[in-house]
Amino acid sequence: MRDEQGGLKIAVLVSGGGTNLQALLDAEKRGMFQNASIVAVVSSRESVYALERAKQAGVPAVVCARKGCASPEVYGKKLLACLQKIAPGLVVLAGFLPILSREVTEAFSGRIINIHPSLIPSFCGEGCYGLHVHEKALAYGVKVTGATVHFVNEVTDGGAIILQKAVEVLEGDTPETLQRRVMEQAEWEILPKAVSLFCAGRLRLENGRVTILKRQENAQ
Ligand code: GRF
């Protein structure tokens, strides 16, 4: 959970380009994470650019491949073993595609957060990830979408909401242009902010709701 200096250990889980990982690495460099550090990156896929970003930042990275695992439960056991070796105090899903098994969500209950590229409860749940989210938003014709950071529980995209930020949908948007705007204007801002609040002990999770405590208060 904590390193030799007592700092909170953060593990970041990725599956793709790693732009959210990069936002976290940059935030750490700016001193946004009080008494905490990103100690490991875990990728569910080989040769994704997120691994290159970890290497450039000097953060140890491992591949815990989803490929070849017969079921989410089998992958869950593999991922749990990998995480237990790291022993993080916080697990951040940053573009991580596999659905976590109950075994993993229970082992790290209250200590896993995820970034989802919509304003939950819209456009979320099974099969709603990456570009599919923005395709659904455009198909529905919403004028505003955005991103959500939430705690992870056994329900896909069902955990308590920590932060959200709205982004305007523009005439002529494609799923790609909308995804980029949501990442630039929302994801890359609220994910580091949520991690910063967690590290500062300012997130109180009670009865499925999150309260953000003022600076002088503390969740403990
Ligand atoms: C982004 O759309 C993010 O919202 C979703 O995964 C996609 C890729 O993220 N969670 P990243 O560039 O790998 O961080």
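This is a predicted model: local features need pLDDT of at least 70, side-chain atom pairs count only at pLDDT 80 or more; totals for chains, interfaces and linings use all residues.

Author: We begin with a term: helices and strands are DSSP runs, numbered from the N terminus.

Reader: Which residues does the cis peptide bond join?

Author: The bond joins I120 and P121, and its omega is about 15°.

Reader: Where is S47, and what is its phi?

Author: S47 belongs to the loop between strand 2 (36-43) and helix 2 (49-57). Its phi is near 45°, which is a positive value in a residue other than glycine.

Reader: How does one find where empty space is left?

Author: Rolling a probe the size of a water molecule over the atoms shows this. In the present model, the largest pocket has a volume of about 860 Å³. It is lined by 41 residues, and the closest to its centre are G95, F96, L97, Y129 and G130.

Reader: Which elements supply at least two residues each of that lining, and how does the lining divide by class?

Author: Helix 1, strand 5 (112-116) and helix 6 each supply at least two residues of the lining. By class, the lining of the largest pocket holds 15 nonpolar, 20 polar and six charged residues.

Reader: What takes up space in the largest pocket?

Author: The ligand does; the space that it takes is the largest pocket.

Reader: Which residues surround the ligand?

Author: The residues around the ligand are G16, G17, G18, T19, N20, A94, G95, I115, P117, Q179 and E187. Helix 1 (19-29) and helix 6 (175-199) each supply at least two residues of this shell. Its classes are three nonpolar, seven polar and one charged.

Reader: Which side chains have a polar atom at a stated distance from an oxygen atom of the ligand?

Author: For such a pair of N or O atoms, the cut-off is 3.5 Å. In the side chain of T19, an N or O atom is 2.6 Å from an oxygen atom of the ligand. For Q179, a polar side-chain atom lies 3.1 Å from a ligand oxygen, and for E187 the distance is 2.6 Å.

Reader: How much of the accessible area of the ligand does the protein cover?

Author: On its own, the ligand has 360 Å² of accessible area, and the protein covers 88% of this.

Technical notes: Residues are numbered from 1 along each chain as its sequence is written. Side-chain values use heavy atoms; hydrogens and water are left out. A residue is near a molecule or strand if one of its heavy atoms lies within 4 Å of it. A polar contact is a pair of N or O atoms within 3.5 Å; within protein, one must be able to donate a hydrogen and the other to accept it, and residues adjacent in sequence count only if both atoms are side-chain atoms. Accessible areas come from the Shrake-Rupley method with a 1.4 Å probe; for residues, only the protein chains shown count as cover. On a 1 Å grid over the protein atoms alone, a cavity is a set of points where a 1.4 Å probe fits but cannot get out, and a pocket is an open set with protein on both sides within 12 Å along at least five of seven lines; lining residues have an atom within 4 Å of a point. A molecule sits in a cavity or pocket if more than half of its atoms lie within 2 Å of its grid points. Helices (H or I, at least four residues) and strands (E, at least two) are DSSP runs, numbered from the N terminus. Ala, Val, Leu, Ile, Met, Phe, Trp, Tyr, Cys and Pro count as nonpolar, Asp, Glu, Lys and Arg as charged, and the others, Gly among them, as polar. Grid points are joined across faces, edges and corners, and a volume is the space filled by probe spheres set on the points.
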